[in-house]
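I opened this notebook to record a search for charged side-chain contacts and a look at one strand pairing. The entries follow in the order of the look-ups.

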Amino acid sequence: MRWEGERQSDNVEDRRSGGGGGGFGIGGRGIGIGTIAIALLAWGVFGINPLTTIGVLSGGGGAPTQVQQGPAKAPPADDRNAAFVSTVLASTEDVWGQIFQQGGARYQQPRLVLFRGATPTACGTGQSAMGPFYCPGDQKVYLDMNFFDTMTRQLGAPGEFARAYVVAHEVGHHVQNLLGVTGKVDSMRGRISERQQNQLSVRLELQADCYAGIWANRSQQAKQWLDADDIESAVNAAQQIGDDTLQKRGQGYAVPDSFTHGSSAQRVRWFMQGYKTGSVQACDTFNAQGL
């Protein structure tokens, strides 16, 4: 992926030098490390909001936490990893800004927060163990970049474009939030069975994968910055974080009714659907007969 020299986003906030702070809690309920491990393995690592997932697992919920933060700090200019994610974020801004403009709307750009260990968010205290996540309450993507090492060493998903896919997937959740999709799915919680809720979550996650594919399509058209190996890297990442693959790795077998992110094959299919078509309409996972 030839990204050096491309525009970097100003919407990156660096909290890595500050303290993480706080215990892990949602809606006043404490969450044990066992629940965190389940969320990481059985529920996948690229959630729309792992904090919400944990809230469901623990029976929690409640109003979003109000977060007071000082002035945002930009990453150091010589931080290559931060420059990379800033460049990818800038590209998502360009792509989704154009798509929204074509639809007669204005794209509200999310912020990307770099942190280490733990950090306060409008969805509760974010933890590195949860992997990257998006919080609808403050419209921010949260990323501990040590997760990239986890992708390479533990998940078998190396490569810069695999990392770009992570960022683009979380931005996809931001797009869903702007379009009202996230709110509709969230409003069903407690009104349908756990199995039905899981099925909705799968469709939400697969749509975010498809949106990541749209970004790859449109950014490639604009910049010609991807090689064949890059797409292969993203496809491999999608395979490695499928619910079936993660569950088999963690417990030796898969439980399809517990899937909340989709199988490896489904994640690959929907990423490629977005990449091949570049069309938002082609990413309607909620009305798709088969996933």
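The entries below treat the salt bridges, then a hairpin.

Entry 1. I worked from a predicted model. I searched the whole structure for salt bridges, and the search returned 11. I then looked up individual pairs.

**Entry 2. E6 and K223.** I found the side chains of E6 and K223 joined in a salt bridge, with an N to O distance of 3.0 Å. I located E6 in the segment before strand 1 (12-14) and K223 in helix 7 (residues 194-223), so this contact ties together parts of the chain that are 217 residues apart in sequence. I next checked accessibility. E6 has 27% relative accessibility and counts as partly exposed. K223, at 26%, is likewise recorded as partly exposed.

**Entry 3. E13 and R111.** I noted a salt bridge between E13 and R111, whose closest N and O atoms are 3.5 Å apart. E13 belongs to strand 1 and R111 to strand 4 (residues 111-114), so the pair connects parts that are 98 residues apart in sequence. Are the two partners buried or exposed? I found E13 buried, with a relative accessible area of 5%. R111, at 24% relative accessibility, counts as partly exposed.

**Entry 4. R267 and D209.** I recorded a salt bridge between R267 and D209, with 2.7 Å between the closest N and O atoms. R267 lies in helix 10 (residues 264-277) and D209 in helix 7, and the pair links distant parts of the chain, 58 residues apart. I looked up the accessibility of each partner. R267 is at 0% relative accessibility and counts as buried. D209 also counts as buried, at 0%.

**Entry 5. Strands 5 and 6.** I turned to strand 5 (residues 118-121) and strand 6 (residues 124-127). How do these strands run, and how many bridges join them? They run antiparallel and are joined by 4 bridges. A hairpin of 2 residues leads from strand 5 to strand 6. For the residue facing T121, I found G124 in strand 6.

Terms used
Residues numbered from 1 in each chain as written. Predicted model: local features only at pLDDT ≥ 70, side-chain atom pairs only at ≥ 80, totals over all residues. Heavy atoms only, no water. Salt bridge = Lys/Arg side-chain N within 4 Å of Asp/Glu carboxyl O. Buried < 20%, exposed > 50% of the residue type's maximum accessible area, 1.4 Å probe, protein only. Pairing = 2+ DSSP bridges.
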